[in-house]
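Here is a short briefing on a protein model. Keep the sequence and the 3D view open as you read.

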Amino acid sequence: MKVLAIDDQQLVLLPLQKRLTDLGYDVRIETDAQQGLQLFDSFNPDLVIVDVNMPVVSGLDVINHIRVAKSSETPIMMLSGNTNDEVITNAFDLGVNDYMKKPLSLNEICARVKRLIGAPELKNVINTSAGIMIQQRCVGVVIPCYNEEERLLSDEFLSFIDKNSGYHLCFVNDGSKDKTLEVLHKLRQGREDFITVYDCEKNGGKAEAVRLGMLHMAEKEDLDYIGFLDADLSTDLTDFDDLVKTIENSSFKIVSGSRISRMGANITKESARKIISLTINFIIRKILSMDFKDTQCGAKIFHKDVIDIAFRKKFVTQWIFDVEIFKRITIHFGIETAKSMLCEQPLKRWIHADGSKLSMKDSVKIVIQLAQIAWVYRGKKDQPFYKIKNELEII
């Protein structure tokens, strides 16, 4: 039994392909709808699964081609996040057999496939897809790494991408002097479609590692949102997924985690950090003209269309590039629009990890770097970002 699945987001297709293959189906996937139609002619599938919203050739075009141009009665299932009644009605009018709305469980998809075309006769099939959801969004996560050989929580990262579809992790090795790069390559083995290792030969600092990783992931066409997360998982992946859900279901362009102590949350900081952070946050609020509670949390998610504005140019500072990101957004869009685009979301958990490299001496450097930001971006309020381009390049 042959299944052809067409979707412009590979991260959606891969877990579907694996599960249907495990069940005994012969599965081909294609991210280009035009090539998918060519594959339809040569592969002669028993079932076609197709997304609605694809560039150039839409899912409705695919249905029309199969039903009208090819006069084929091959069963067609639509798998899409598009819940528009008119689109769904048009799909059924064109001859689709089933319409599945993302997100939905991988098990449900397989059950619907079985209902339409039956199932291969296999014994002792192990269900490895329990709880896995096929999402309507795809997310890239940049994780900067410097000398993380001993601290990298490989099992946590692997478990997360195995259980959560639609994620692609990009580990950026920031010129590590230990065996971090070797650990990262080992982590990637067998999951090359879901994990990327970006190697910086020289240590450029966290700001540059994140910037390069974000720009690298922005080149992947199938990603809707891209964010970054600390390698020590002081903010865990479950909390990060909550940030993704917020940006996915809102009009925000940036959702930033916030380590605000509150009832029901597990937020721990060293006492020294608490003292210095109060002073730093006060200065930051003055610079940004926004009532931010915590700009420096290492968990943030961005809509793809603001990545270039936030990350194209190198940052002035090494430690507090987060402040520069918000400043750039404010300058580009204006303060009022920027406020409507930014969301600060409290985390359920944030734990100070042993071995963290930020010291009190570094905190003093942060205050100095805040002065740098205030100087470089002085008088630039509500001006297009390109007007400060030359000044940033000089620094």
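Asp-98 and Arg-115 form a salt bridge, and their closest N and O atoms are 3.2 Å apart. This pair links distant parts of the chain: the two residues are 17 residues apart, with Asp-98 in strand E5 (residues 98-101) and Arg-115 in helix H5 (residues 106-117). The model is a predicted one. A search of the whole structure finds 19 salt bridges.

**The Asp-98 and Arg-115 pair**

- Is Asp-98 buried or exposed? Asp-98 has a relative accessibility of 7%, so it counts as buried.
- Arg-115 is exposed, because its relative accessible area is 56% and the cut-off for exposed is over 50%.
- The pair also belongs to a network of salt bridges, which links Asp-98, Glu-108, Arg-112 and Arg-115.

**Two further salt bridges**

- Asp-241 meets Lys-245 in a salt bridge, with an N to O distance of 3.6 Å.
- Both residues sit in helix H9 (residues 237-248), four residues apart, so about one helical turn separates them.
- Asp-241 counts as buried, at 10% relative accessibility.
- Lys-245 counts as partly exposed, at 42% relative accessibility.
- Another salt bridge joins the side chains of Asp-308 and Arg-312, at 2.6 Å from N to O.
- Asp-308 has 41% relative accessibility and counts as partly exposed.
- Arg-312 also counts as partly exposed, at 43% relative accessibility.

**The five-stranded sheet**

- In what order do the strands of the open sheet lie? The order is E2-E1-E3-E4-E5, and the pairing is parallel.
- Strand E2 (26-30) and E5 stand at the edges. Each has a single partner strand, so one side of each is left without a neighbour in the sheet.
- On average, neighbouring strands of this sheet are turned by 15 degrees against each other, direction ignored.
- Strand E1 (residues 2-6) pairs with E2 in the parallel sense, over five bridges.
- Look for Ala-5: its bridge partner in E2 is Ile-29.

**Helices on the sheet**

- Helix H1 (residues 10-22) lies across E1, E2, strand E3 (47-50) and strand E4 (76-80). The helix runs at about 170 degrees to E2.
- Helix H4 (residues 85-94) packs on the sheet as well, where it touches E4 and E5. The direction of H4 makes about 155 degrees with that of E5.

**Helix against helix**

- Helix H3 (residues 59-69) packs with H4 at an angle of about 10 degrees, and their axes are 9 Å apart.
- Which residues make the contact? From H3 come Leu-60, Ile-63, Asn-64 and Arg-67. From H4 come Val-87, Asn-90, Ala-91 and Leu-94.
- Sorted by class, the contact of H3 with H4 has five nonpolar, two polar and one charged residues.

Technical notes:
Residues numbered from 1 in each chain as written. Predicted model: local features only at pLDDT ≥ 70, side-chain atom pairs only at ≥ 80, totals over all residues. Heavy atoms only, no water. Salt bridge = Lys/Arg side-chain N within 4 Å of Asp/Glu carboxyl O. Buried < 20%, exposed > 50% of the residue type's maximum accessible area, 1.4 Å probe, protein only. Pairing = 2+ DSSP bridges. Axes fitted to C-alpha atoms, helices over the stretch in contact; angles between N-to-C directions. Contact = heavy atoms within 4.5 Å. Nonpolar A, V, L, I, M, F, W, Y, C, P; charged D, E, K, R; others polar.
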